[in-house]
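Hello,

Here is the structure for you to take over. My notes on its aromatic and nonpolar side chains follow below it.

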Amino acid sequence: MELKETTRDHSGVHNLAFQNDSEGVHVLRPKGLRENLQRIKNSPAKKTVHTDEEDEYINIESDLHEKKRDSADDEQPRLKGHLEKKYDKACEFCKKHKTRIYYVIYGILITAYLAVVIAACSLNFQRALPLFIVTVLAIFFICWDFLIAKYEDRIAAFFSPGERYLEKQWFWLKWVLYAAFIIAIICWLVFDTAKQGSRQLISFGGLVLYVLLMFIFSKYPSRVAWRPVFSGIGMQFILGLLILRTKVGFAVFNWLGIQIQTFLEYSDTGAKFVFGEKYMNHFFAFKVLPIVVFFSTVMSMLYHIGFMQWLIGKVGWIMQIFMGTTPVESLVAAGNIFVGQTESPLLVRPYLPYITRSELHAVMTAGFSTIAGSVLGAYISFGVSASHLLTASVMSAPASLATSKLFWPETEKPTVTLRGGLQMAKGESKNLLEAASQGASTSILLVANIVVNLISFLALLAFLDSALSWVGNLFDYPQLNFENICAYVFMPFSFMMGVDWEDSFIVGGLLGYKTFFNEFVAYERLSKLIHNRKKGGSMYIDGVKQYMTVRSEVIATYGLCGFANFGSLGLVIGGLTSIAPSKKKEIAGGAFRAMIAGTVACFMTACVAGMLTVPGLEIPCHILLGNTFNSTDFPANGTEVVECCQQLFTSVNHSQEIFPGGNYSLSSWKGCCQILHQPAFHCT
């Protein structure tokens, strides 16, 4: 082996190293190479093949020159026609004035839309009221976004003196605000108890108890920042007060619930086409699961057009301002109102590797304390109140941040503190149809997950009940089952939410189903209780209560509205680990605490609902009057009771019957006679 020298010329570099002389391999010299290139230049029309000692070298450089020359010959100058020239001028004009043309088109479309709104309102304003409200809100937020985008610096400079003043005085001002908030709550409880009864006090005591328990078992009790805790509970209370106690708020959410129910019923068209006319015979498989597919498709489309990112950003910004939480945890908590616990962290995926342990705990807690919009439709189809499910989803978002910051306080300095807002991830679909198709395809895994979990959990539950009944039979207690065990464990928690004592055993069993299995099983059991109450009949059969009061049903609806169960625990660990592998150890270490915090957040939401739920808002009059005059807890002079008594006697006057055919008991008549002092004709 002989090491040769590397030679260079204008045609390139040829490394002649490690040339084997014994094998007789011939290497082209620079001179021969130049002669070969010269022959190529002199005969461009031919393909040059150089053979040297049975080695063939095919040169394609001449082919490239030949093709270029042929293409140049084909491109002959051509005169454009009159129409082509006009078309080119029109294209140049559109490119030059593209922005103005867009403004003109948008202006025409907006003008046409406003004309339609005005025409609809002029014909029948009551009928067009929802369209009018949506239009006003859209105009407000469009103007808001425009002003913030263009004059954000000026607005910030205008309010900066007030911000600096608040920062200086915040040490004593925060305690004044906390004291004012507590005094306002106490005064409200005093007046509300005098009007509605004493049961609201139990819910308030339960709320205080859960806060104390979270503080006692906190990771760092001495490092708790109380602003997120009190502001989160305050936001819960304000939202509940607006929705459950004001006629406007209750009417709005009740209307939204009806519209969602109507919207979800459109999935029946696809289910009927695929499964036939008798698809309702298999209610869960062919009625409930198609709703999950339909809702997932709609959410994917809203995500594609950017509406979901916009809405989540606005809700997250509000929580960040009022609660003082970081942008990442605020956005994830807002996102969990609408999407699932594994989809919401994807909104802030680039920032997850840089968040603190407390922020990571808040992200997981938010997923455990809320439910996804896709399964919300399934629970509504069970017969659970749509308005209460919507309210629970909204109220649990600030509650999740409050319990998270109480159970795992912030001890590090957050690194992601962007004042201009986070850049949320966008959808991968290129158009609306592709987004709809992706949403439907994505729901396949969700539907399959629901089906296999229900099959396995219900089968496992039947086996456990049979085994426990056998064990109980050995001790002359064959009624022993999994629900009874869970009922005894969770009965104190359900009672502290404000559930009636006789119903706390049933609600405790539902909480056990939700915690150890999933919320699907619990809501399915709750729907049976709701249907039994609506059908009427005996409340007790063989000593077993068949249905609960409406108040207990409402509180149970709020307490069950969350993904906090052991099945979701593995789902969260696996999903977040795949998104942020560098946080694997922190995710595994804090997931169980996050599940406990999410469970308590649902309990706190149920407590607030118990404080604010008024039976007369949705209980039929015959049930309200029966409960009123058969129980000492109900105030006999409540506004709703008086209205129901007036409605009762009005029906008598119209029907000319003393006891019109209905569900009113004799005690209801006697009680109404005492309240309204009606003539003896009605009270005989």
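Start with R593: its charged end sits over the ring of F407, 4.0 Å from the centre. Please keep in mind that this is a predicted model. K219 lies over the face of W408, with 5.0 Å to the ring centre.

Next, ring against ring. There are 34 aromatic pairs in the structure. One of them is Y102 with Y106, a stacked pair at 6.3 Å centre to centre and 25° between the planes. Both tyrosines lie in helix 4, four residues apart, or about one turn of the helix. Y102 has a relative accessible area of 44%, so it is partly exposed. Y106 is partly exposed too, at 48%.

F275 and F286 also stack, at 3.9 Å between centres and 10° between planes. This pair links distant parts of the chain: F275 belongs to helix 9 (residues 267-275) and F286 to helix 10 (residues 283-305). F275 counts as partly exposed, at 37% relative accessibility. F286 counts as partly exposed at 23%.

One aromatic cluster includes Y210, F457, F482 and F603.

Now the surface. Y102 and Y106 belong to a nonpolar patch, along with L131, I139 and others. Its residues have about 1,100 Å² of accessible area together. Helix 4 (98-123) and helix 5 (129-196) are the elements that give two or more residues to it. Helix 4 gives the most, with nine. L131 lies in helix 5.

Best wishes

Terms used
Residues numbered from 1 in each chain as written. Predicted model: local features only at pLDDT ≥ 70, side-chain atom pairs only at ≥ 80, totals over all residues. Heavy atoms only, no water. Patch = residues over 30% accessible without salt bridge, like charges linked within 9 Å, V, L, I, M, F, W, Y side chains within 5 Å. Areas by Shrake-Rupley, 256 points an atom, 1.4 Å probe, with all protein chains shown as cover. Salt bridge = Lys/Arg side-chain N within 4 Å of Asp/Glu carboxyl O. Phe/Tyr/Trp six-rings, centres within 6.5 Å; stacked < 30°, edge-to-face > 60°. Buried < 20%, exposed > 50% of the residue type's maximum accessible area, 1.4 Å probe, protein only. Lys NZ or Arg CZ within 6 Å of the ring centre and 35° of its normal.
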